Amino acid sequence: DVHEGQKAAVLRTDVDDDLRMEQSVKLQPGTRYLLSGWIKTKNVVIQKFEQNVNVGASLSLWGGYEHTQSITGTQDWTYVTLIFDSRDRTEVPVLTRLGYWFCLVTGEAWYDDLCLIPLGPSPVRPTPSAPTATSNLVTNKDWKGWSKDAPAPAIAPFDAAQAKQHQEAWAKHLGVPVEYTNSIGMKFRLIPPGEYLRGCSPEELSAGLKVTDPYWAQFLRTSGPQHKVILTQPFYLGVYEVTQESYSQVMGNNPAHFSPTGPGRGVIADKETGKFPVERVSWNDAVDFCARLSVREKLKPPYSRTSEVVTLLAGNGYRLPTEGEWEFACRAGTTTTFWNGNSVDQYSQVGRNYFPRTPTSRTHAVGELKPNPFGLFDVYGNVWEYAQDNWTATTYSQLANGVAVDPVMLPSGNIPRV
């Protein structure tokens with residue numbers, strides 16, 4: 001048992017999650033703080049490590065992205081510190097934690113003499129200079145436009161009725177169905193070629209940064225400026241997130257946390273999780289699934305995987321969508337923050353998010369909420385989706401003053417993926 005005011009306490013974890021105590025503290029906006037304390041560990045072992053985050057014993061702010069050094073093994077009392085800026089926050093939970101989400105850590109962690117000290121006003125940071133271009137951004141600069149006998153492209157904004165008309169017109173032109181089902185029951189919808197503005201507006205960025213912690217803020221800032229994207233080719237996209245059932249049929253295993261044999265099985269109780277989305281898969285696992293599904297469907301796979309090395313091939317089989325394709329399909333002609341509006345209440349009608357996390361938080365079966373105008377479910381929430389592209393902080397800024405035609409940031413090396 002741990003009680004407020006205890007001088008020192010021990011934390012033990014043997015579950016696939018973090019174990020933590022937290023206490024909310026008041027902050028003065030625009031102030032720099034020092035968080036410090038002493039940590040002693042005994043037999044802290046990281047048995048499963050699936051995220052590039054701090055997973056030993058540490059002091060951190062909620063979310064784990066602002067944290068002290070991580071202590072593992074058996075260590076005598078170690079003094080740890082974290083200097084952070086409150087920005088516009090007036091309150092923040094301070095955590096003593098052992099482990100992290102979906103990472104299995106065992107052992108003991110003791111904490112003592114925890115202090116939070118204001119150091120003075122936060123320094124004013126200069127505006128960063130414009131980023132330099134990177135070499136692996138590909139956009140089709142030679143594209144001259146659609147053929148005269150083709151249907152009109154789907155140029156945003158357009159409404160749900162027009163989205164359906166675009167899909168039907170392109171399906172008729174190509175001699176294919178708007179929706180098809182493959183041999184293992186996965187459904188796909190035809191997404192027409194078209195144009196739209198990709199990225200967040202200045203207003204959306206400003207609003208998002210006010211409620212985003214510093215770790216995620218670095219990615220959110222790169223979601224602008226908005227720029228025109230033209231997609232010249234139609235493509236099929238899965239109606240649902242890949243389910244545990246489909247993944248198991250192709251890969252022969254089910255790595256999902258929220259599955260009958262996963263670490264989260266206590267949360268899902270006796271629910272049938274075949275229609276739940278698969279999670280705890282890497283980008284390499286995702287493209288491996290695409291390659292194996294392609295072979296199963298007698299198509300030429302667009303990827304080859306050897307251990308943790310993935311090679312792109314000129315295949316006609318299943319692949320991940322590019323980021324440009326994904327956002328176009330997700331927006332489905334809309335220009336609002338979410339495809340059905342701008343408010344959080346509207347979001348809750350079409351997307352699931354199990355944050356803030358609770359002991360009973362879990363994923364849900366796909367297709368339970370409303371589909372977007374292209375007929376795609378769960379384009380928000382439930383789980384994250386992978387795209388074909390690498391992620392870099394400069395991609396959108398390179399395209400700010402031009403038009404990107406079929407853009408893709410070719411995946412390579414250890415650069416983070418979208």
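Does Tyr180 count as buried, exposed or partly exposed, and at what relative accessibility? Tyr180 counts as partly exposed, at 26% relative accessibility, where buried means under 20% relative accessible area, exposed over 50%, and partly exposed in between (1.4 Å probe, protein chains only).

## Basis of the model

This is a predicted model, in which local features need pLDDT of at least 70 and side-chain atom pairs count only at pLDDT 80 or more, while totals for chains, interfaces and linings use all residues. Residues are numbered from 1 along each chain as its sequence is written, and side-chain values use heavy atoms, with hydrogens and water left out.

The predictor's confidence in each residue is given as pLDDT, from 0 to 100; the protein chain has a mean pLDDT of 84, and 86% of its residues reach 70 or more. Over residues 1-17 the pLDDT stays under 50, and the model has 53 contacts for them beyond four places in sequence, a contact being heavy atoms within 4.5 Å. Residues 126-134 also have pLDDT below 50, with 8 contacts in the model beyond near neighbours in sequence.

## Aromatic pairs around Tyr180

Rings of Phe, Tyr and Trp (its six-membered ring) pair if their centres lie within 6.5 Å, and planes under 30 degrees apart count as stacked, over 60 as edge-to-face and the rest as tilted. By this rule the count comes to 15 aromatic pairs. One of them joins Tyr180 and Phe188 in a stacked arrangement, 5.1 Å centre to centre with 15° between the planes; Phe188 is buried, with a relative accessible area of 7%.

Tyr180 also forms an edge-to-face pair with Tyr236, at 4.8 Å centre to centre and 80° between the planes. Because Tyr180 lies in strand E10 (residues 179-181) and Tyr236 in strand E14 (residues 235-238), this pair ties together parts that are 56 residues apart in sequence. Helices (H or I, at least four residues) and strands (E, at least two) are DSSP runs, numbered from the N terminus. Tyr236 counts as partly exposed, at 28% relative accessibility.

## Other aromatic groups

Phe158, Tyr196, Phe328 and Phe374 form one aromatic cluster. Elsewhere, Arg417 lies over the face of Trp283, at 4.3 Å from the ring centre; a charge sits over a ring if NZ of Lys or CZ of Arg is within 6 Å of the ring centre and within 35 degrees of the ring normal.

## Strands and sheets

Two strands pair if DSSP finds at least two bridges between them. An open sheet of 4 strands, with mixed pairing, has the order E9-E12-E13-E17, and its edge strands, E9 (154-155) and E17 (403-405), each pair on one side only. E9 and strand E12 (residues 194-198) run parallel and are joined by 2 bridges, with Ala154 standing opposite Gly194 in E12.

Strand E4 (residues 57-61) has 5 of its 5 residues buried, so it is largely enclosed by the rest of the structure. In a regular strand the side chains alternate between the two faces of the sheet. Both faces of E4 are covered, with Ala57, Leu59 and Leu61 buried on one side and Ser58 and Ser60 buried on the other. E4 pairs with strand E6 (residues 91-98) in the antiparallel sense over 5 bridges, and Val94 in E6 is the bridge partner of Leu61.

## Helices with a buried face

In helix H2 (residues 202-210) the buried residues are Glu204, Leu205 and Gly208. Seen down the axis of H2, these residues fall within an arc of 100°, so they line one face of the helix; the arc is that of the directions from the helix axis to the C-beta atoms. Pro202, Glu203 and Lys210 are exposed on the other side of H2, while the buried residues pack against helix H3 (214-220).

Helix H4 (residues 244-251) has Gln244, Ser246, Tyr247, Val250 and Met251 as its buried residues. Viewed down the axis of H4, they fall within an arc of 160°, so they too line one face of the helix. What covers them includes helix H6 (283-296). H4 is followed by Gly252, whose phi is positive, near 80°.

## Backbone features in loops

A cis peptide bond, with omega about 5°, joins Ala156 and Pro157, and Pro157 lies in the loop between E9 and helix H1 (160-174). The peptide bond from Gly224 to Pro225 is cis, with omega near 5°.
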